[in-house]
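Please look first at the sequence and the three-dimensional structure shown below. The paragraphs that follow lead from one region to the next.

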Amino acid sequence: MISGTHHECIYFERTGFPEDGSRNVFHHFLSLPPNSHFCYLLIMETEVLVIGSGVAGLMTALKAARFANVTIVTKKEADDTSTAKAQGGIASVLDDADRFEYHIGDTLNAGDGLCHEDVVEVIVTEGPRAIRELIDLGAHFTLGKNGDLDLGREGGHSHRRIVHSQDMTGREIQRVLLEAVRRSEKIDLLEHHTALNLVTSGSMSGQLSGPMSEDRCLGCYVHDTRSGDIIPLLARAIVLATGGAGKAYLYTSNPDVASGAGIALAYRVGADIANMEFIQFHPTCLYHPEAKSFLISEAVRGEGAVLRTVDGLAFMEKYHPMKDLAPRDIVARAIDSELKKRGDDYALLDITHKPAREIIERFPNIYRQCLEYGFDMTKEPLPIVPAAHYLCGGVLTDLEGKSSVPRLYACGETACTGLHGANRLASNSLLESLVMADRIASSIEKRWDDLVSPSRDRIPPWDPGDSVDSDENVVITHNWDEIRRTMWNYVGIVRTDRRLQRALDRIEMLKKEVEAYYWDFKVTRELIELRNLVYVSLLIIRCAMARKESRGLHYTLDYPRKNEAYRKDTVINRRQYMKKQ
Ligand SMILES: Cc1cc2nc3c(=O)[nH]c(=O)nc-3n(C[C@H](O)[C@H](O)[C@H](O)COP(=O)(O)OP(=O)(O)OC[C@H]3O[C@@H](n4cnc5c(N)ncnc54)[C@H](O)[C@@H]3O)c2cc1C
């Protein structure tokens, strides 16, 4: 049974017309006995549809619930998110010695000329209020000796301004928001429901939506993992909050859910997508088949750990005068360069020269986790690889979170607001989600009277065509693996025109295969993810090919310097791409 009442389920008899077309039936047809009279769920309707249950989705839902009924759909369990994995904290100006101008300046420096200054100003200055709201909701942040918030400092920040909950800040935010959502009578949370394709008025008439048409977003086809059904879920406003796309890469710190869905969905209906070439790589992720995404904090290098090749040679002095304490991008690039040159699978992070007691006291969590994976970091160097960590680009939005497609919003890592520019300042992403969630809800509220409910009778049910159950799931695994290796090898930390072209050719080929598979076989969550990954990978490649310079997180050997002519966002959309072909 679906708990809650904020999506209206409209049932039709299996054999023909709807009885009255619009009865409120507040439970899922699967919960009815198999021989039930009403057995075919055709359409669901809500007021605000939020896709994703990380910080961006949950906060937007809570804010929108002030004036509307909200439904959140999320792919797996509600707390399976990047948000829950965030360690460091949330950046905000809360210390007397700090100022908004300093935080703005630090953000602009990191962004390397591409931040939108108006956006930076708004997000930074609205930060303290967002933190207070979390505290009011019950978030417990670490306090200092004087009882005030303990503010940490991270790379790139000129002042102490990182609000944190020990080294598990994301888990605390996820907990407090999820509890508030579950308490709200105006929010339904549907777990194990995967957004598949957006419904637009244009897609119904066979046209593309986007700024050049009068088209608008009306909802989303949603796949229920448990039953396999695909149901159109209509809404007056739709908010994409599906997180990042780390799963496009072989190594990533992101959870499995990070497959770029929101960006792929938005692109397919013609929305503008921006700056996909800017992928932040974390230099040190444990190299271990089971520890897929376990980060070894930069603080380990801060305490004296040295990076070495597998045969024990320290290499950072070749790359930067600060050696192992060089900025994150340079360290990641140096490791990548050594791995590619030598053909090694991983490098080593060595802190064994420090007394064991000191290591265990300083890094109890990392020590314990590594031990679980079979490594005693006090006695042996840890195998590490850099890993895709954060996507600076995404669905291009304005300061109200609006995309270029009417009624479609984007929030969090899925969006590109202009805050991060070419490189994200540490701990600015949770802040961005919190501030933008509030602005999106206000924007929807302001437009509420214009956002009329979509007309149900024009929405076609999902047409499965002649598709059959696939008995070849191995194809999905193989293609997924090929995409992630191709992206890692050719569209990773160091790029060249040739590598990008090679990646483009391969992923285009995979796209044809995956699309054929998609239409021939019954849709599964894995197939939806694979298809989205193909789209997102192509967007990353095309944006990277368009930027003929090195700036921020985009580094290419063919154009190793910055070029003023490219001091602008890379904006891409389906219509423009189709015109070029
Ligand atoms: C290890 C790690 C540490 C980090 N540390 C920090 C930090 O200290 N400070 C900081 O500011 N940032 C940090 N970040 C980045 C930050 O955590 C993320 O950018 C932020 O949490 C993203 O929030 P979100 O709501 O946009 O996405 P997420 O939290 O990833 O949530 C996305 C949601 O969308 C759902 N979803 C995805 N696809 C679909 C679909 N097709 N249909 C339905 N639902 C879907 C997912 O299941 C999930 O519920 C860190 C990230 C990682 C991975």
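In this predicted model, helix α12 gives the most to the shell around the ligand, with 4 residues. The elements that each supply at least two residues of this shell are α1 (55-64), α5 (169-183), β9 (193-200) and α12 (428-446). In total, 43 residues surround the ligand, and the closest are Gly52, Gly54, Gly88, Gly243 and Gly412. Sorted by class, the shell holds 14 nonpolar, 24 polar and 5 charged residues.

The chain as a whole may be considered next. The chain contains 16 helices and 21 strands. Of its 581 residues, 50% are buried.

One sheet deserves a careful look. Strands of a sheet pair through backbone hydrogen bonds, either parallel or antiparallel. Here, 5 strands make an open sheet with parallel pairing, in the order β8-β4-β3-β12-β19. At the edges stand β8 (187-190) and β19 (408-410), each of which pairs on one side only. From one strand to the next, the twist averages 20 degrees. Strand β12 (residues 237-240) runs parallel to β19, and 3 bridges join the two. Within this pair, Ile238 stands opposite Leu408 of β19.

An antiparallel arrangement is found elsewhere. Strands β10 (residues 217-224) and β11 pair in the antiparallel sense over 5 bridges, and Tyr221 has Pro232 in β11 as its bridge partner. The two strands, β10 and β11, form a hairpin with 5 residues between them, and Gly228 in the turn has a positive phi of about 85 degrees. Strand β11 (residues 230-234) is mostly covered, since 4 of its 5 residues are buried.

What, then, lies in the interior? In soluble globular proteins, nonpolar side chains tend to be buried together. The largest nonpolar core of this model has 163 residues, and those with the most contacts inside it are Val239, Ala266, Ile273 and Leu539. Helix α15 (residues 525-546) provides the largest share of this core, 13 residues. Leaving aside residues up to four places away in sequence, Ala266 touches Leu240, Ala271, Ile273, Val395, Ser403, Leu408 and Ala410.

Most residues other than glycine have a negative phi, and most peptide bonds are trans. His192, although not a glycine, has a positive phi of about 60 degrees. This residue, His192, lies in the loop between β8 and β9. Arg407 is likewise a residue other than glycine with a positive phi, near 75 degrees, and its place is in the loop between β18 (394-396) and β19.

Phe141 is in the loop between α4 (127-137) and β6 (151-152). Apart from residues up to four places away in sequence, Phe141 touches Ile135, Leu149, Val163, His164 and Ser165.

Terms used
Residues are numbered from 1 along each chain as its sequence is written. This is a predicted model: local features need pLDDT of at least 70, side-chain atom pairs count only at pLDDT 80 or more; totals for chains, interfaces and linings use all residues. Two strands pair if DSSP finds at least two bridges between them. Axes are lines fitted to C-alpha atoms, for helices over the stretch in contact, and angles run from 0 to 180 degrees between N-to-C directions. A nonpolar core is a set of buried Ala, Val, Leu, Ile, Met, Phe, Trp, Tyr and Cys residues joined through C-beta atoms within 7 Å. A residue is buried if 20 or more other C-beta atoms lie within 10 Å of its own, exposed if 12 or fewer, and partly exposed in between; C-beta atoms are placed from the backbone. Two residues are in contact if their C-beta atoms, placed from the backbone, lie within 7 Å. A residue is near a molecule or strand if its C-beta atom, placed from the backbone, lies within 6 Å of it. Ala, Val, Leu, Ile, Met, Phe, Trp, Tyr, Cys and Pro count as nonpolar, Asp, Glu, Lys and Arg as charged, and the others, Gly among them, as polar.
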